[in-house]
Amino acid sequence: MAEAKRIVQDLFEPNPWAYWADFLFYDALGWAAFILAVRAPAFSLFQIAALGVASFSLYRAVIFVHELTHLRKGTFQVFHTAWNFLCGFPLMVPSFLYMGVHIDHHKQRLYGTKDDHEYFDFALEKPYRIITFLLAMMLAPAVFLLRFLVLTPLSYILQPLRKPLWEMASSLAVGGGYKRPLPDEREKHLWWVQEFMTFAYAATGILLMAWGILPWRVLLLWYLAAVFILFTNGLRTLVAHCYKNPPNHEMTFAEQFLDSIDIPGNPFTTPLWAPVGLRFHATHHLFPGMPYHSLGEAHRRLMRDLPPGNPYPQAVRRSLASALGQLWKEASKSKTVVEP
């Protein structure tokens with residue numbers, strides 16, 4: 001670690017220009033392509049192509065929430081607000097669903113255990129768990145609609161609903177069953193503002209469609225784009241780690257690194273399904289505070305400059321297909337179902 005830190009010590013400063021230019025370009029491209037898809041003839045090749053561009057672009061834009069979690073507290077506040085208004089609210093994934101929850105995934109005593117709710121021991125389960133995880137992505141946008149369009153205003157009327165809504169429907173987790181701790185006063189205020197704005201976006205969209213100002217195909221295409229984003233991110237999640245750790249075993253730092261995966265892949269196609277530096281997920285777990293735009297350079301330096309025999313290359317996989325195939329193979333060998 002000392003040698004690795006020395007090699008990459010100049011790569012930890014985030015570049016605001018990179019964040020703003022990257023996010024604004026893909027967010028604008030995504031919504032412009034989405035509008036073209038809405039206006040195009042139904043089921044035409046142009047509509048399919050426009051929706052594809054919208055989905056990939058908005059996927060990259062929405063993944064910036066991962067960066068928001070790791071940026072130093074008190075920095076990039078305007079960027080954070082812009083992300084919510086331009087991406088988080090309209091896609092119904094406000095940043096509070098992820099921030100605060102994700103950091104537990106990087107705590108050594110929690111990583112890979114039953115208390116890490118971004119980790120599920122897929123390799124120790126039967127393969128059907130992988131299939132059900134991906135199928136759940138098809139229904140997730142409907143859950144988001146229910147949570148923000150129906151349950152949010154209902155909880156303002158039925159106050160006892162507020163607590164379970166926060167504990168059981170206010171976080172993005174992999175394994176399920178996560179009960180989120182109650183927020184402090186500051187978190188409670190931010191949660192309320194973000195939750196209300198997400199409801200306002202959804203309600204406005206539905207009203208505009210009900211009044212005939214927008215066509216109902218907007219909702220259908222929004223749902224399809226959301227499914228695409230969540231399904232693609234689900235595939236990426238499956239190859240972010242090896243998922244071999246039993247839920248009651250606390251891993252060492254070295255074990256945690258070797259349980260994580262880098263897939264450098266093709267510089268043009270791999271970032272489509274693993275955007276904003278997430279194809280270097282093992283390197284990210286090695287240096288969680290490193291900005292996304294430095295991870296590729298860090299990976300190249302570490303592969304080149306670390307001494308022979310070091311364990312860093314063991315975290316590298318050739319491709320998405322090979323990493324998925326390995327996970328499926330190991331799950332197929334599982335003889336018992338391990339409860340999460």
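1. Helix H6 (residues 128-157) supplies 4 residues, the largest share of the nonpolar patch. Helices here are DSSP runs of H or I with at least four residues, numbered from the N terminus. The model is predicted: local features need pLDDT of at least 70, side-chain atom pairs count only at pLDDT 80 or more, and totals for chains, interfaces and linings use all residues. Residues are numbered from 1 along each chain as its sequence is written, and side-chain values use heavy atoms, without hydrogens and water.

2. The patch covers about 480 Å² and is made by Ile131, Leu135, Met138, Leu139 and Trp328. Patch residues have over 30% relative accessible area and no salt bridge, with nonpolar side chains joined within 5 Å; a salt bridge is a Lys or Arg side-chain nitrogen within 4 Å of an Asp or Glu carboxyl oxygen. Ile131 lies in helix H6 and counts as partly exposed because its relative accessibility is 38%, the class between under 20% (buried) and over 50% (exposed) with a 1.4 Å probe.

3. The second largest pocket has a volume of about 1,100 Å³. Among its 35 lining residues, His80, Met99, Arg186, Leu190 and Gln194 are the closest to its centre. H8 gives the most to this lining, 7 residues. A pocket is an open set of points on a 1 Å grid with protein on both sides within 12 Å along at least five of seven lines; lining residues have an atom within 4 Å of a point.

4. There are 2 cavities of 30 Å³ or more, a cavity being a set of grid points where a 1.4 Å probe fits but cannot get out. The largest holds about 50 Å³; residues including Arg236, Asp262 and Trp273 line this cavity.

How values were computed: Patches are made of residues with over 30% relative accessible area and no salt bridge: like charges are joined within 9 Å, nonpolar side chains (Val, Leu, Ile, Met, Phe, Trp, Tyr) within 5 Å. Accessible areas come from the Shrake-Rupley method with a 1.4 Å probe; for residues, only the protein chains shown count as cover. Helices (H or I, at least four residues) and strands (E, at least two) are DSSP runs, numbered from the N terminus. Grid points are joined across faces, edges and corners, and a volume is the space filled by probe spheres set on the points.
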